[in-house]
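Biologist: Please take a close look at one part of this structure, the place where the chains touch. I would like a connected account with the cut-offs spelled out.

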Amino acid sequence: MLDPITGERRVIAPGHTFKSITEKLAGIVLTSHTPLGWWGGFMIAGGGVALLTVAVTWLFLKGVGIWAITIPVAWGFAIINFVWWIGIGHAGTLISAILLLFKQSWRNSINRFAEAMTIFAVVCAAMFPVIHTGRPWLGYWLFPLPFTMNVWPQFRSPLLWDVFAVSTYAIISVVFWYMGMIPDLATLRDNAKSKFGQFFYGMISLGWRGSVRHWVRYETASLLLAGLSTPLVLSVHSVISFDFAVALLPGWHTTIFPPYFVAGAVYSGFAMVITLAVPIRKFYHLEDIVTIRHLDNMGKVMLVTGLIVAYGYFMEAFMSWYSASHWEYFMIWNRMFGPMGWAYWTLITCNIALPQLMWIRKFRSNVLLMFIMSFIVNTGMWFERFVIIVISLTRDYLPSSWGTYNPTRWDYATFIGTLGLFTFLFFLFIRLLPMIPMSELRILLPQARIHPKDELLPEAGD
Amino acid sequence: MKVQEGTYGLLAEFETPSDLVRAAQSAYDSGYRRMDCYTPYPIEEAAAAIGFHRDNVSLICLIGGLLGLVAMFGLETWISVWAYPINSAGRPFYSWPAFVVPAYEWTILYSGLSAFFGMLAANGLPQVYHPLFNAPNFRGGATSDKFFLCLESTDPKFDVTESRAFLEGCKPASIVEVEY
């Protein structure tokens, strides 16, 4: 649907009122009828959670030896999945914070579930380093706490910076997400029919009543949190890239890592938003709220970040030649034509070659093609981390210490299990909480415009 | 604690945001100060109309952020120099560049939490009971599609009859007297 004034696709289909938005979006949560499709998806995701529970229980009983990690590849799937998941989370913060600061109001429709995606992705991500430590019950030693027998953390290591970056990111994301939901929870409280619903939403909406004084402070706090989340999200993946870049291993030791990790994170995150948005808008008939305009814009963001990532790959290859370092040169050769070269070419195909189709406007506005593209990009991004971690580690300086890496069934089970956990949490979220911010959508309606004078002359362009 | 009784205020309901802003402006112009608007989404014009321009959430956030910065940098210095000095590849104990990253994260953590909890505290939330929830049309309206102006009885200019007459001049959809 094109807007007659701007010639762009509309953000929200015409015909909505304040009331219709409340009814439509609150109805998804407050209905007593849970759709059968929801139950089906929930059960499948629950199976994934069961698999994860089994995999992690077995890991705790037997130790990390059940995984394929060994010397030289001590960072296997666990760290690949950690970086992949946390990268996915980044698009949520980008949508909720950076696009808010840039006043990109089209983001309002998708920002809530993108934020939820961030939190669930961080949950999946944060699990991996902890279970990878081998003694997860001592995980609290990562924090500077006074009951670790006077052994304090070593602050000169990027691995410890990670602890603070990821924990801050998790906390701030939850706060931002919850604060954004408070007015919508109040809407749910006031529309709930069941006693339990009124009590539950009444408690978590904290007694919000929409006073404009409250709104002013709320808006200030939102802007502040957005302003704080922006440097935070850029720092989180930069700090994660320091885990690699500060090490001396060829393939890790490069200064381009921070920006290229951040761009890659946003790239995969937007892909995941599309993966989630397409089935949700179809299933809950939200095509008038999450429109083609959103897919189109997200496609453009993916195209840009994808090209930044492509520049990163190119620079890695270029620097290995330009540095005239034997080790760097061998690293790239091994990456492209070594025993696991197929992983590199999968990554190039999925992350650089195929996404160029998104230059075509018709492609970006085709729901099915964008859905498929989102899977391709996330596969590519997973392989990017595989290439960086595994291929660099298998063959470093000394040929006598070269090795290989063969993931076991427990590696796969844990990874698939976190996919299940993510989906499981997401299903709970769309059933119990407002997945589209009603208060922010109301601002986008033409009725929200204030006419300060009494005269009701039609304005130009109305 | 004293139980408050009597009238909390007069609650006028409007159909459109423009009506609300005009009514709020005329109430402010005729001398009412203790009043508030209730809207389903933020309307800056309404806040400006009742004379609410500045909030102190930014200041709370700044103080929180500085506290986080000092706390983490101090903790890192204390641990690395006094509590548990480790010679790691000959690097100085006081390696301040390495301390910047966690200190930066805690600046953001503390300022974010201060902004959130400061906003709630300044708003007096959580507060699950409020007299306005007694008004039959308030719930389901103020959080959905109606716009309210409440003149509160604590205002020196407030008088049930006169204020009601004043509000009727603003052509609201309804006026409700709200009890404590």
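Modeller: What follows goes from the interface to one pair of helices. This is a predicted model, in which local features need pLDDT of at least 70, side-chain atom pairs count only at pLDDT 80 or more, and totals for chains, interfaces and linings use all residues. Residues are numbered from 1 along each chain as its sequence is written, and chains are lettered from A and ligands numbered from 1 in the order in which they are written.

The contact draws 57 residues from chain A and 62 residues from chain B; two residues are in contact if their C-beta atoms, placed from the backbone, lie within 7 Å. On the side of chain A that touches chain B, at least two residues each come from α1, α5, α7 (212-245) and α15 (438-444). Helices here are DSSP runs (H or I, at least four residues), numbered from the N terminus. The largest share of that side, 17 residues, belongs to α7(A). By class, the side has 31 nonpolar, 17 polar and nine charged residues. Ala, Val, Leu, Ile, Met, Phe, Trp, Tyr, Cys and Pro count as nonpolar, Asp, Glu, Lys and Arg as charged, and the others, Gly among them, as polar.

Within chain A, the axes of α1 (residues 18-30) and α5 (residues 158-191) come within 10 Å and cross at roughly 75 degrees. Axes are lines fitted to C-alpha atoms over the stretch in contact, with angles from 0 to 180 degrees between N-to-C directions. The two helices, α1(A) and α5(A), are therefore roughly perpendicular (65 to 115 degrees). In this contact, A:Thr22, A:Ala26, A:Val29 and A:Leu30 of α1(A) meet A:Thr187, A:Leu188 and A:Asn191 of α5(A). Four of these residues are nonpolar, three are polar and none is charged.

How values were computed
Parallel < 35°, antiparallel > 145°, perpendicular 65-115°, else oblique.
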